[in-house]
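This report describes selected features of one chain. The sequence and structure come first, then the notes.

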Amino acid sequence: MTPIEQNIEAVVDAILEDYRHGRDIDRIKQLGQPDRDAVIDIIDKLRRIVFPGYFKEKTYRIYNAKHNLSMLIEDVMFNLNRQIELVLQGTDREPQNICLEFFRAIPAVRALVQTDLQAAYDGDPAASGKEEVVFSYPGLFAITVYRLAHVLYQLDVPMIPRIMTEHAHSVTGIDIHPGATVGEYFFIDHGTGIVIGETTVIGRNVKIYQGVTLGGLSTRGGQSLRGKRRHPTIEDNVTIYANASILGGETVIGHDSVIGASAFITQPIPPCTTVSLKNQELHLKTRSDCPGCF
């Protein structure tokens with residue numbers, strides 16, 4: 001054995017020995033854990049179920065679309081059931097019944113997504129049509145994945161809902177916890193950097209822009225805060241502009257209010273209120289050294 005081979009073997013042995021400490025990161029057990037790649041594949045197929053005329057297989061033909069969709073639905077049911085089985089190992093819960101409940105909710109999810117699509121089209125003059133929104137708007141993708149994941153969250157399925165929304169987060173930059181409650185006709189404009197926490201409640205016809213945080217006032221309590229209201233309530237017909245932060249479980253933004261860009265809010269706001277920052281002044285000074293001015 002050459003010296004380099006001996007060094008490599010020593011490094012490998014040292015890493016293997018490091019696994020023997022019994023820490024959380026040392027677990028090698030693979031049973032009972034969902035397959036993240038399989039869940040992402042399920043998201044892609046669920047998207048085709050929600051939007052059957054947009055994200056179809058290249059081999060689909062119009063004359064057998066119904067047959068192909070039937071096979072697709074059965075395929076997703078089989079694979080989602082398998083993932084639910086994995087995360088429910090060791091419990092007495094029946095994965096197949098949970099999977100059926102999820103698919104029974106698909107029509108209701110699609111009805112909500114239709115309102116979200118309409119909100120995006122109505123709310124963005126740059127949208128040339130609803131097809132453009134479906135194909136290209138990250139906000140609609142993130143909301144659609146959230147709405148599907150929220151059903152699984154309500155059915156107390158571990159891990160899978162969070163994998164779904166974190167995948168959407170990684171793709172869009174929009175972080176919506178599957179536990180949040182979001183009403184119909186919800187529009188996210190641009191979207192990058194948005195955070196919507198687990199106990200957030202959002203009413204109907206709410207519009208938010210990039211960089212908005214609907215978060216907790218403090219996370220120092222850690223796990224002791226689990227199950228408690230930590231995030232704000234946004235009532236109906238509210239618009240929240242870019243980079244605003246609205247924090248805390250006691251914070252309620254009253255209906256028909258407008259929250260200006262970069263506002264930082266930790267207290268309730270009455271209905272029909274416009275919130276803006278005061279005395280933000282622009283200071284302009286002509287540069288004497290600008291070569292293009294002479």
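## First sheet

In which sense do β1 and strand β4 pair, and over how many bridges? The pairing of β1 with β4 (residues 195–196) is parallel and runs over two bridges. This is a predicted model. One of the residue pairs involved is Ile176 with its bridge partner Ile196 in β4.

These two strands belong to an open sheet of five strands, ordered β1-β4-β7-β10-β13, in which the pairing is parallel. Its edge strands are β1 (175–176) and β13 (264–265), each of which pairs on one side only. Strands of a sheet pair through backbone hydrogen bonds, in either a parallel or an antiparallel sense.

For β14, strand β12 (residues 258–259) is a parallel partner, with two bridges between them. Within this pair, Val258 stands opposite Thr274 of β14.

## Helix α8

Helix α8 spans residues 160–172, 13 residues in total. From its first C-alpha to its last the helix reaches 18 Å, close to the 18 Å expected at 1.5 Å a residue.

Buried positions in α8 include Ile160, Pro161, Ile163 and Met164. Thr165, His167, Ala168 and Thr172 are buried as well. Just after the helix, Gly173 takes a positive phi of about 80 degrees.

## Arg147 in helix α7

Arg147 lies in helix α7, which covers residues 138–154. Is this arginine buried or exposed? Arg147 has a relative accessible area of 4%, and because buried means under 20%, Arg147 counts as buried.

Which residues does Arg147 contact, leaving aside its neighbours within four places in sequence? They are Val109, Leu112, Val113, Asp116, Val182, Gly183, Glu184 and Phe186. Among these contacts are two acidic residues, Asp116 and Glu184.

## Cysteines

How many disulfides does a search of the whole structure find? The search finds zero.

Cys99 is buried, with a relative accessible area of 3%. Cys272, by contrast, is exposed, with a relative accessible area of 57%. The cut-offs behind these words are under 20% for buried and over 50% for exposed.

Conventions. Residues numbered from 1 in each chain as written. Predicted model: local features only at pLDDT ≥ 70, side-chain atom pairs only at ≥ 80, totals over all residues. Heavy atoms only, no water. Pairing = 2+ DSSP bridges. Helix = DSSP H or I, 4+ residues; strand = E, 2+ residues; numbered from the N terminus. Expected span 1.5 Å × (residues − 1). Buried < 20%, exposed > 50% of the residue type's maximum accessible area, 1.4 Å probe, protein only. Contact = heavy atoms within 4.5 Å. Disulfide = S-S within 2.5 Å.
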